[in-house]
Amino acid sequence: MSSPTSDALLGPADVRELAAALGVRPTKQRGQNFVIDANTVRRIVRTAEVRPDDVVVEVGPGLGSLTLALLEAADRVTAVEIDAVLAAALPATVAARMPARADRFALVHSDAMHVTELPGPAPTALVANLPYNVAVPVLLHMLDTFPSIERTLVMVQSEVADRLAAAPGSKVYGVPSVKANWYAEVKRAGAIGRTVFWPAPNVDSGLVSLVRRAEPVRTTASKAEVFAVVDAAFAQRRKTLRAALAGWAGSAAAAEAALVAAGVSPQARGESLTVEEFARIAEAASPRGTAPAPPKDGER
């Protein structure tokens, strides 16, 4: 593997020049905040523990700041970009700044939520700077769609990072926390200030590390059945589980029966349960009703 010089990475002037040349203005709609600091992207790569044999998938590469740093460390990088202008420009940026690694880079122009396959070898790692408005759905979709992903490091809005890494009993523990834990061991892995972005956002960012579980959650229930219980429990999170799961189970009495069978107090609330306990509830009963439509994952 070649060893690119630090000049290959993008600095503040490089990012602005590329954006100007492409006529790109970061949009709030897509949550675009481009990283302009080479030390930050190298830190992300180190924290992600990217190895020389890794096949990394990156979601939302933008102008390529993190992409180039990943190419320094990984065997291959596949970037998924929804923006047509950015997607068209990125291969040329890689070829110009890191020509020796250009054949190790692939670009998929698509919405990450619709990606079901990637070119080349199966990805072993996911590293991405995810916009807050789609961070949780995209993360869960990628973990579900590509079981070969062993390690993940995402940079997200600090509040989203807290939710993803929250433990049972925390005030911010909710649907994202439980569903992420279905796939992986999750923890906060650092904080990122606002000044390394252009434009600078109004909030700080956080790094979240997810290491896929060596063994899946042990349950006879399907993922969909477990997630249905999770959604119902947090759709009315102030209520006891007996009340919150009434719609899912068909009645409050049926919910109580399922909870007792699962060894969970009917007076408990969803924020106190582990993913394993949600799985036991799903095993204990089949839904006989329809739970209220829960908020989207990214809205909790």
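This briefing walks through one protein chain, from its overall build down to single residues. The model is predicted, so local features need pLDDT of at least 70 and side-chain atom pairs count only at pLDDT 80 or more, while totals for chains, interfaces and linings use all residues. Residues are numbered from 1 along each chain as its sequence is written, and side-chain values use heavy atoms, with hydrogens and water left out.

**The whole chain**

- Let's start with the parts list: the chain has 12 helices and 9 strands. Both are DSSP runs numbered from the N terminus, where helices are H or I with at least four residues and strands are E with at least two.
- Along the principal axes, the C-alpha atoms fill a box of roughly 65 × 35 × 30 Å.
- Of the 300 residues, 48% are buried. Buried means under 20% relative accessible area, exposed means over 50%, and partly exposed is in between (1.4 Å probe, protein chains only).
- Take the contacts between residues at least 6 apart in sequence: 72% of them join residues at least 24 apart. A contact here means heavy atoms within 4.5 Å.

**Surface and charge**

- The accessible surface comes to about 13400 Å², and 52% of that belongs to carbon and sulfur atoms. These areas come from the Shrake-Rupley method with a 1.4 Å probe, and for residues only the protein chains shown count as cover.
- There are 32 positive and 31 negative charges, and their mean positions are 6 Å apart. Lys and Arg count as positive, Asp and Glu as negative, while His and the chain ends are not counted. Each charge is placed at NZ of Lys, CZ of Arg, CG of Asp or CD of Glu.

**Aromatic pairs**

- The count comes to 5 aromatic pairs. Rings of Phe, Tyr and Trp (its six-membered ring) pair if their centres lie within 6.5 Å; planes under 30 degrees apart count as stacked, over 60 as edge-to-face and the rest as tilted.
- Tyr173 and Phe234 form an edge-to-face pair, because their ring centres are 6.3 Å apart and their planes sit at 70°. This pair links distant parts of the chain, 61 residues apart: Tyr173 is in the loop between α6 (158–165) and α7 (175–183), and Phe234 is in helix α8 (residues 223–235). Both Tyr173 and Phe234 are buried.
- Tyr183 and Phe227 are edge-to-face too, since their centres are 6.4 Å apart with planes at 80°. Tyr183 is buried at 8% relative accessible area, and Phe227 is buried at 10%.
- Ring pairs also tie Tyr173, Phe234 and Phe278 into a cluster.

- Most residues other than glycine have a negative phi, and most peptide bonds are trans.
- The peptide bond from Trp198 to Pro199 is cis, with omega near -10°. Pro199 lies in the loop between β8 (197–198) and β9 (205–212).
- Glu49 isn't a glycine, yet it has a positive phi of about 55°. You'll find Glu49 in the loop between α2 (38–47) and β2 (55–59), and at 55% relative accessibility it counts as exposed.

**A few residues up close**

- Thr152 sits in strand β6 (residues 151–157) and is buried, with a relative accessible area of 4%. Not counting residues up to four places away in sequence, Thr152 touches Leu126, Leu139, Leu143, Val208, Ser209 and Leu210.
- Arg238 is in the loop between α8 and α9 (241–244) and is exposed at 75% relative accessible area.
- Lys239 is found in that loop between α8 and α9 as well, and counts as partly exposed at 41%. Lys239 and Arg269 are 30 residues apart in sequence, but their C-alpha atoms are 6.6 Å apart in space.
- Pro119 is in the loop between β4 (105–109) and β5 (125–129) and is partly exposed at 40%. Leaving aside neighbours within four places in sequence, Pro119 is in contact with Thr78, Ala106 and Val108.
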